[in-house]
Structure formats: structure tokens, C-alpha cells
There are 2 protein chains.
Amino acid sequence: MRYSRALTAVSVVLGAVFIRAQNTDRVSAVRDAAIGGTARNILLFIGDGMGDAEITLARYYAVGAAGRLALDTLPMTGAYTTYAVEEHDPSLPNYVPDSASTGTAWATGHKTSNGRISTSARDDRDLPTILEIAQQRGYLTGDVTTAELTDATPAVLAAHVARRACQGPADMAACPQDRKSAGGPGSIAEQEIAHNVDVLMGGGAARFEQAMKDGRTPIQNAAKNGYEVIRDAAGLERAKRGRKLLGLFAKGNMTTEWSGEEARPYPSNVGSPQRCTEDHRPAGEPALAQMTTTALALLDRPGAGPGFFLQVEGASIDKQDHVADPCGQIGETIAFDRAIKIGIDYAKAHPGTLLVVTADHAHTSQIVGRATETDHPTGSISELLTIDRAPLTVSYGTNLYHRSQDHTGTQLRIAAMGPQAAGVVGVIDQTDLFQLMLRALEPRR
Amino acid sequence: MRYSRALTAVSVVLGAVFIRAQNTDRVSAVRDAAIGGTARNILLFIGDGMGDAEITLARYYAVGAAGRLALDTLPMTGAYTTYAVEEHDPSLPNYVPDSASTGTAWATGHKTSNGRISTSARDDRDLPTILEIAQQRGYLTGDVTTAELTDATPAVLAAHVARRACQGPADMAACPQDRKSAGGPGSIAEQEIAHNVDVLMGGGAARFEQAMKDGRTPIQNAAKNGYEVIRDAAGLERAKRGRKLLGLFAKGNMTTEWSGEEARPYPSNVGSPQRCTEDHRPAGEPALAQMTTTALALLDRPGAGPGFFLQVEGASIDKQDHVADPCGQIGETIAFDRAIKIGIDYAKAHPGTLLVVTADHAHTSQIVGRATETDHPTGSISELLTIDRAPLTVSYGTNLYHRSQDHTGTQLRIAAMGPQAAGVVGVIDQTDLFQLMLRALEPRR
């Protein structure tokens, strides 16, 4: 009963929200989009480091001040807090989190300390993840990223280690208790394979090529365990429904889509705004949108279970923010938005899909006024020429020039459509996203 | 019909949103809060410079990481864009707006260039404001701020000048065409009095004491035009329903509520986090919450018209951001939130009230990690000790030390309750807030 009502409501929404939201009266569109019940599928899009500043910057540069990204069109919107806790005293907040503690928050519903992957602060307990719960309930699962597959955001779904650095079998120095030789579950790469996630795609091939104690590699284990292992975009053609897929498209992180000049201390390029180069990605590496399309094709298997859970990460928004590269950052945001567009189109065509778009933590970039000799930001800046043919100055000042720019603690946008999506409206915490997804996964009545 | 339906829905909301929003399933709370129809009253709260960073900072410092401000509790939330346009070519965006262009956007529904007060870019047309339209429809009106009453945000409702600097009769150098001697409407102070706004409260007495051409002052004009003129908090007792009120509580801007150490370049106070001093406001100056209470008492006159429109500005969040004073900034945000709490309590008790909380433009402050010798922000920083007894570092880096910190162009949070409140959900533009309020003002059917 609840499910069919949700289906009806979504059908109304298809003809309502995405058209009426453009009209003057959006009240009934919001009311119609506020549907409960359980979800056939959950599509979770995480823009790493994608705060409101990063969203605004990408929108203004690429589609203009009055333009709208795909992620702007979602019918339910709110904000969530991202703070971590301290390892030495988990009752104390740490206001500036990293991708490990924040990922653990939505993956498990628990706050932890920076650096931890789905383990609790101080007492190092394994925390059950939303992907594990989905698997227990028969859902197919997927985990897709542009970073290394063993990086924090993909790792939190299908691994439990004390330190995020413990990515491959040879990287276990920081996690002695997690070593297989100590009776632990092994590195993140080993655990991801052991978790039998149906679709794993991203970079980080080198982690999966490290030798385990028995001389074998995680990649060999994957093949033995029934994974189709592919190494480039052409390999996507070999992916087939019913067979697990491990796609490793780069040794480390995947290449950014766009490139340009780094931001530099004043005067930088003031007066000569740059346009970004948009063909930076090697042909062998698929775009995130292409990976998303493949993941959906593999996971959309009516009859194979109640549905699927898929996380898609736009990882290098964060990484390009860290290195103060505005074109790299914007290009990754736009590539992420293209993947979101694929997801929204899927959700429109498949009622009962809960789709969430959010980020893990805020970041450094700011849109500022034109810099002058007497008045300019203290950090690194770059002028961009936007699609509006207007100059836009971006500033990076949370760390010194050529040091890694810092995350920030600002609350983040969270947006959604589908069953339970209305739970993102207002101000919630990152751990509430776990609860929201858990409600959507509840067994149907 | 539409109105009574709205009333019923609001009554349901009173028992629903503010309690159920704390519960796990928020879907029906959102659905119930999505009501249309017209509003008896409109309460518009503007936090000047209050971006998501400023909100998060005030929340974490004053009520803790897991705490909630009054402004966090509103049932409908979204984001809006704030860009201005260029004076020389209004088809070009200016991505970093000021309080004049942004105020004009929600007050009139039109984009203009920075510095303009409800006049159009380049061709300098007067743009009808939401306050003027409300007056025409019989609504009582109020305009309350902690800045000078002639500052940009209060000015946009009840004045039309080419430059925001034209605040008093002696300040007209930048607006020759607006001078009364040139057939114009005169300074902002003169126009605000001439507009017969029922409740005017704020700072800026000196502007109203400047001599006009006939030797009289705007303050004398006000008294002659039936205003009760008060000059301090004690004077609020003389305010009475049915008589217009002009409250001028300071020569310039009103005093900030809190004080503390300014942010300084590294090492600043790293390792010695400060607590703010909370009793900085002189006894003669009322708190914004007290001004809001008085304004509501004066404007809530059933029978005197369809209802009222009231704008309340927390002005010095912006001003303390500009001078990199974190305690001043947080104190103004908290004082603003106390005023919002008064408004929310009023709206809960008076169904049919549309209440909106938002800001005009984003600003400079950022919450960053602990600064060290090798890794620290390039700008000015200060460590605070929050209510959680945890250190929090705030950074100001959009301009050089002891220069005015810059606004930023990030989209802003907008939140609301009451009729048409659901129109804030999603991503809208600042000019859409005008349309939203206009819908709420529509004559009842």
C-alpha cells in the first residue's frame, strides 16, 4: 500500500516538479514530491569537498549566473552539519572533518574521528554500513569514484580500518590490528573485494596489485571470486549483467577532466582572465557519467532482488581545491553534475528511486571581487572568464601557497528526490542521512 | 476558500513540523507545511552577510555542534543566488554583490548594479518595492535594523536613489538627480519619512538631523507628520498602536552586542582560544529582539487592514565580518537569531504569517583546522573556545590585514514557514523572493 502510493506520487512528480518548479507557484510541487515509503533503489551522489561555494563557482563558470546545473533541479533541499569527533575524547567535536569521518557518518550513522574508515573513535569497533545492510536485505550494490577505489569515500561503504592510509596490502603500517596476520580483515582493497560489491569502479589499480601475504594480489582474488576485471574505458563493453565488475582505470586517482592555470598570490592573472581547457582526460579513462551509466545498467536487474544501492563520488573537486586549481575543480564539478544528470534521468524513469546529492565537507574556494593593488585576498587567486563573458575571481586562502588548502567546517547543501527525500529539508546532521537511507531500505509491508 | 485552507494547514503544522521535525520521519511534516494561499502578515528577516559559514560558526560557538539555532528550525529550506549586474551593461553579471543591489533584488524583483537603491542599472528608473505594494494594498509596514536606518538594506524598501551613499540631506553629492532641488525625491532619510512607514527603528540619527534646504531636518518632518520619535530603549514604552514610530537609537550604527579580540595574521592567539564578552551593548540601546517585539505589537492590529509587512535586519554580521572581529560577528548573529525566535513564536501563534529568514550576500569568514607554523591560513585568524569546550579556528582572508574583508559570491540559505514558504525549496534567485512575497500579498479571493 505504501509502496504503490509512493509510485503514484512519483508519477505525478514526473509531470510536476521538474516543470512546475520553473513556474511561479512551487508549493504544490513540493507537497507532491514529499513522499514516504520504501525505495526500490538508492542513488547516493557525493561531491567530495563540494560546498555551496564550489557549486556556485561551477554554475557561474559553466552555465552562467542565471543557469542551472542538474544538481540544482532536485525538488527537496536542506543543509547538514559535518563535524567529526576527537579520537582521544569522542564527546568533543572536531569542527573541520575529513572524508573518512564524514563518510563514516552517512555510511554508518555514527560520528568518528578524522582518518577512521567505518570504525568507532577510540575503541575501534567496526560499524555496520548502509551498503552491508542493503546487501543483507538482498539489494545489489555499487561503489563508483574518480579517486582511488581505496580512498576514504568509497572505502567507508565496504571496509573497516583504523586509518584511511591502509589502502592496500603493503600499506598497513598504521593499522597493525587490521592486518590479516593479526586476525583482522586486511587492507581496504582486500575488504572491498571480500565484500562482493557488485560494481566497483574507479582508480587505484596500484593498491590492488600489491602482494598479500600469500603472494597473491587483491586483483587476482577478485578474478578468482568471479569479478570481471577491466582496466580501461573500452573494457566497459565487457561488463555484463549478472557478473560482478571491478573497473580500475588508473594506477592512482583518475585524471581530471579540465585543466588550466593554478591560482597564485596577487597579482596572479588579474586583468587576463583564463578559460579552462576541457579535454584533459585520457581516452582510456571513462567519464564519471559513463561509469554511472554502466553501473546503472548492471544494477538495474528486476527480479534479482528488491533493488540496488549505488554510491557515485565526484572525488577530485576536493583534490583540485587542495591544490588551488580552479579549472581542475570546476571541471570535476561539471563532470560530477553530468553523472548526476544520468542519475536523475534514471530516477525519473524508475519511480521508487531515492536519489541524494550532497558532499562530505566544505572546502576552501571563495568567489571574491576583482583584486587590486590595495585590496586583494591574502591567498592564491585566479581570474576566470565565465560563459557569461564576465570575469570571476576565485580565492584560495586556507593555507600558504603550494601547501595543501584546508577543508572548512561550513554546513553543506543536501538535495534529494524520491521516497524519503523530504527528510533532507531543514537542518540535519550527516548521520541523519544514514537514518534516511535506512528508512528507505525498510522491508516493504 | 484558499485562505481558510491555509489556516487549517498552518494549525496542523503548529502541532506537526516543530515537533515531528525532531522525529525520524519528516516527510509528512514537509508535506503539511507546504501550504499556499495568501498571508495575513509577512515577516522578512535579513541577516546581512549571513552566509552558511556565518550561520555554522555562530551555531557551533553558541549552542554547540549538535545544537540548533531558532533559524535552523524553519520547515522549508533552499538556496538562492545573489549576483548583481554591471552598471555599464546590465546584461553582464557581477558575481560579488553588495547590500544595495541584493536588497533591490528582493525588494523589487529586479537585478541592479552595486550601490543602487531600488533604481535600475544604467537608466536609473525607480523600481516599485514590496513595501510600497503592501502599503497600496492596505497593509501596515515596518522596517527595523541594527544599522543606520538609511543603510542599504532598510533603504531599499522605502527609497529610490542612484547611490547608497545618499543617506541624509547633506549626503547628496553622488545623486544630483535625486536632490529635491532637481525635482528628485531627496535623500534616503527624507524618503523613508515621506513613505509613512508605520514602524521605523534602527541607528543613524545623525542622518535624520542633517538640515534640508528649508533648514528643517527629517526628524522634524517626522514629528510633524505624526511620528512618535524616540531615542533610546526607554522610549519604547511610549510607542503605541495607531501612531507611527521612528526609533533612532544611535548616531550611526547601533553598538554590537558582543566583543572580543580581532583576528590577526598567524600566530594570532593559536593555543589560547578566546571566549567572547557578551555585554557590550549600552543600556540605552534596545536589542534587536526587543525592537522586533515592539514592532510586532504595533503592527499586529486586526481590523486596521489586511495585515502587515515587516523587515528586520541583523545588519552588523556583515560589518563585523568586514573588520574580522569573530566575537562581534557571532554576537550579532545570535542577537539576530533571538529576534527570529520572537518572529517564529509570533508566526506560530498567528497562522497565516509568512516568515522568511535569509541573507543578502555571503561573506568572508571560514571555519578552518588548527593553524600550525607550516600550515595556516594566509589571512587573519582567531581561535575561539566554543560552548562544547572545543577550539574552533576562524579565518578571514579575502583582503589584507586591517583592510575591509570582501563579500563573497556563494549562494545563500533561504528558509521559511507559512503560506508560500515552500517556494524557497530548491535553487531560486534573490529576485524570486520578491515574487514569492508578492504571491503571498495577493488580494484574497
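Start by selecting strands β13 and β14 (residues 391-396) of chain A: six bridges join β13(A) to β14(A), and the two run antiparallel. Two strands count as paired if DSSP finds at least two bridges between them. This is a predicted model, in which local features need pLDDT of at least 70, side-chain atom pairs count only at pLDDT 80 or more, and totals for chains, interfaces and linings use all residues. Residues are numbered from 1 along each chain as its sequence is written, while chains are lettered from A and ligands numbered from 1 in the order in which they are written.

**The hairpin in chain A**

Stay on this pair. β13(A) and β14(A) form a hairpin with five residues between them, and Arg389(A) in the turn has a positive phi of about 65°. Now click Ser380(A), which stands opposite Tyr396(A) in β14(A). Pro265(A) also stands opposite Ser380(A).

Is β13(A) enclosed or open? Five of the six residues of this strand (residues 380-385) are buried, so it is largely enclosed by the rest of the structure. A residue is buried if 20 or more other C-beta atoms lie within 10 Å of its own, exposed if 12 or fewer, and partly exposed in between, with C-beta atoms placed from the backbone.

**The four-stranded sheet in chain B**

Move to chain B and select β9, β13, β14 and β12. These four strands form an open sheet in the order β9-β13-β14-β12, with antiparallel pairing. The edge strands are β9 (264-265) and β12 (366-368) of chain B, each pairing on one side only. Two bridges join β9(B) to β13(B), and Arg264(B) has Ile381(B) as its bridge partner in β13(B). Axes are lines fitted to C-alpha atoms, for helices over the stretch in contact, and angles run from 0 to 180 degrees between N-to-C directions.

**The ten-stranded sheet in chain B**

Next, select the open sheet of ten strands in chain B, which has mixed pairing and the order β7-β8-β6-β5-β10-β1-β11-β15-β2-β16. β7 (227-230) and β16 (426-429) of chain B stand at the edges with a single partner strand each, so one side of each has no neighbour in the sheet. Neighbouring strands of this sheet are turned by 15° against each other on average, direction ignored. Within the sheet, β5 (residues 140-148) and β10 (residues 308-314) of chain B pair in the parallel sense over six bridges. Thr145(B) has Glu313(B) as its bridge partner in β10(B).

**A helix in chain B**

Select α13 (residues 326-349) of chain B. Its 24 residues should span 34 Å at 1.5 Å a residue, and the end C-alpha atoms are 35 Å apart, which agrees. The expected span is 1.5 Å times one less than the number of residues. Of the 24 residues of α13(B), 18 are buried, so the helix is largely enclosed by the rest of the structure.

**Both chains together**

Finally, show both chains. A rotation of 180° with 0.0 Å of shift along its axis superposes chain A on chain B (RMSD 0.0 Å). That is the relation of a two-fold axis. Copies are superposed by least squares on the C-alpha atoms of residues with pLDDT of at least 70 in both. In chain A, the C-alpha nearest the axis belongs to Arg31(A), 2.4 Å from it.
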